[in-house]
Amino acid sequence: MTSKYRLHRLSRTAHGWAGAALSLILIVIALTGSLLVFKGDYIRTVVPEARQNADLSLSALAAVTEKTEQAFEAENLRALVYATEDFGLHKAYLTDGRAAYLAGDGAVIDVWEQNGRFEDWLFDLHHRLLAGRIGALVAGFSGLAALILIVTGLMAVWPMRRGLKRGLKISNSSRSQVLSVHRNLGVYAALPLFLIILTGVILTFPKQSRAIFDAVGGPEALDPSPFTPAKVDWLSALEQSSQAFETAVPRMAIWGGSERPATLRLKQDQEFHPNGRTLMVIDPGSSQILNQQDALAMGLGREAYNAVYPIHAAHIGGRIYDVAVFLIGLALSALGVLGLFAYVRRYIQP
């Protein structure tokens, strides 16, 4: 056996196992993504309070925020995501990685360590492969590889496009039949797959992605303003925010601590992001608004970036879009399974 042939065989084997590894990663990411589409429905099923209507008046939200501070102390809190009209739970994020659900009146229902609930574990598996920042990078670069595979796959299929007429029918488990279905499914689902994977990659590299989008048109940086660390009067802050953006709904309270002021995130009617991107920066000492940032006046690039998460996570388009994203995830999973099967047949069997 010549050295040239050995190198060729080794390169084919390495390519095959790399493809198999990528398939496994994409299968995990795709299946978990499909399940996460119905995360809210799952929580409403297993937590009765999530099915109840929460009082979303400013006074009620202020009371819930203050109860959260009493339960966990402000220095231990990162953020509180408020309930919505169709989801009656508030969710608190703590500085030590823990999280908690609170009922509409602020009563603590459950507190858990990082990934201590199924839905949080599922999200971490989808976004970080349960491996922190390294896992997120692996998922992100796997997404980039998948985008390249979609483009090159379409280029490779084009000369054989007549084979698309066979559809997704498979008569046996031969490698040629499996590859035929893999090819046709990839072509049929190429555009929606590209969109969902691309938005996922953008979310995995937020700093770099924002810089690219902001080059098209981004917001001016908020001027740092002196502030006094203290306990925020949340009712006063919420009322001032409501006066500044009359139609906006408060979505998150974010504690600052000694290094930065507190923040309220609001959602205006025209925003796609479920938690809004309109910001109100608050001086804890006086509870006065130091700065504000209107999500609808951030520039074309940043507004497009803010729409990426709702598109990827199926927070637009109602149930029809939910089902569409769910099916896209299943299609990607099927492509991974078919590709993995083809690799195994080629490189494992004699």
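**Helix packing and a cavity**

The axes of helix H3 (residues 58-72) and helix H9 come within 8 Å and cross at roughly 140°. Here helices (H or I, at least four residues) are DSSP runs numbered from the N terminus, as strands (E, at least two) are. Axes are lines fitted to C-alpha atoms, for helices over the stretch in contact, with angles running from 0 to 180 degrees between N-to-C directions. This is a predicted model, in which local features need pLDDT of at least 70 and side-chain atom pairs count only at pLDDT 80 or more, while totals for chains, interfaces and linings use all residues. Residues are numbered from 1 along each chain as its sequence is written, and side-chain values use heavy atoms, with hydrogens and water left out.

From H3, the contact (heavy atoms within 4.5 Å) takes in Leu58, Ser59, Leu61, Ala62, Thr65, Glu66 and Glu69, and from H9 Trp234, Leu235, Leu238, Glu239 and Ser242. By class this contact has six nonpolar, three polar and three charged residues (Ala, Val, Leu, Ile, Met, Phe, Trp, Tyr, Cys and Pro count as nonpolar, Asp, Glu, Lys and Arg as charged, and the others, Gly among them, as polar).

H9 (residues 234-244) also gives the most to the lining of the largest cavity, with three residues. A cavity is a set of points on a 1 Å grid over the protein atoms alone where a 1.4 Å probe fits but cannot get out, and lining residues have an atom within 4 Å of a point. The structure holds one cavity of 30 Å³ or more, and about 30 Å³ of space lies in the largest; a volume is the space filled by probe spheres set on the points, which are joined across faces, edges and corners. Its lining consists of Leu58, Leu238, Ser241, Ser242, Phe245, Ala248, Pro250 and Leu266. Six of these residues are nonpolar, two are polar and none is charged.

Elsewhere, helix H5 (residues 132-157) packs with helix H7 (residues 190-204) at an angle of about 150°, their axes 9 Å apart. H5 is therefore roughly antiparallel to H7 (an angle over 145 degrees). Their crossing is left-handed. The residues of this contact divide into 13 nonpolar, three polar and one charged.

Conventions. On a 1 Å grid over the protein atoms alone, a cavity is a set of points where a 1.4 Å probe fits but cannot get out, and a pocket is an open set with protein on both sides within 12 Å along at least five of seven lines; lining residues have an atom within 4 Å of a point. Angles under 35 degrees count as roughly parallel, over 145 as roughly antiparallel, 65 to 115 as roughly perpendicular and the rest as oblique. A crossing is left-handed if the near helix is turned anticlockwise from the far one by less than a right angle, and right-handed if clockwise.
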